[in-house]
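Okay, everyone, thanks for coming. Let me put the sequence and the model up on the screen, and then I'll walk you through it.

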Amino acid sequence: MIRVRFEGPGGQVQDVEAPPGARLLEVAQNAGQPLEGTCEGQMACSTCHVILPAVDFSRLPEASEEEEDMLDLAIGAVRTSRLACQIVLNDTLDGLTVQIPSAHRDMQGR
C-alpha cells in the first residue's frame, strides 16, 4: 500500500493508504477530499489541482504539455502544482504529501 497525506486548506490532515496503480484523484475523492475532477481524468479541466512540497514534486514524472496547459487555468497554481488525475501512485511515491488548495473552480456549480 502507498501512504498519502492530504493537507486541507483549514490545516486538517488526513492520512490514507491506497494500492499501487491508483490515481490520486480517486484516492482523494474516496477519502472525502474536496477535489471535483469534473472531467473524470480526461485532462479537460483543472478541478483536481493539488500542490505538492518540492521534495515530493521532484519524485513525480514530468507533467505533459496538456497538463501544463490545464494548470494554467487552475486558481492559485504554483510551480509545484499538478493535476491529481494525472498522478498514478507507485512505490516511489510512498509517503506523498498533497496540499488541497483553498480556492478551486467548481464546474458543477455546487
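In which loop is the place of Pro61? Pro61 sits in the loop between helix H2 (54-57) and H3. Helices here are DSSP runs of H or I with at least four residues, strands are runs of E with at least two, and both are numbered from the N terminus. Pro61 is exposed, at a relative accessible area of 59%. On cut-offs: buried is under 20% relative accessible area, exposed is over 50%, and partly exposed is in between, with a 1.4 Å probe and protein chains only. Pro61 and Val88 are 27 residues apart along the chain, and their C-alpha atoms are separated by 9.7 Å.

Quick housekeeping. This is a predicted model, so local features need pLDDT of at least 70 and side-chain atom pairs count only at pLDDT 80 or more, while totals for chains, interfaces and linings use all residues. Residues are numbered from 1 along each chain as its sequence is written, and side-chain values use heavy atoms, with hydrogens and water left out.

Now the overall layout. We've got 3 helices and 5 strands, running β-β-α-β-α-α-β-β along the sequence. Of the 110 residues, 42% count as buried.

Let's look at strand E1, residues 2-7.

Who does E1 pair with? For pairing, DSSP has to find at least two bridges between the strands. E1 pairs with strand E2 (residues 13-18) in the antiparallel sense over 6 bridges, and with strand E5 (residues 96-99) in the parallel sense over 4 bridges. Follow Arg5 across: Asp15 stands opposite in E2, and Thr97 is its bridge partner in E5. In the E1-E2 hairpin, with 5 residues between the strands, Gly11 takes a positive phi near 90 degrees.

Last stop, the core. A nonpolar core means buried Ala, Val, Leu, Ile, Met, Phe, Trp, Tyr and Cys residues joined through side-chain atoms within 4.5 Å. The largest one has 27 residues, and Phe6, Leu24, Leu89 and Val98 have the most contacts inside it. Helix H1 (24-30) is among the elements that each supply at least two residues, and H1 gives the most, with 4. Take Leu24: leaving out residues up to four places away in sequence, Leu24 touches Val4, Phe6, Val50, Ala84, Ile87, Leu96 and Val98, where contact means heavy atoms within 4.5 Å.
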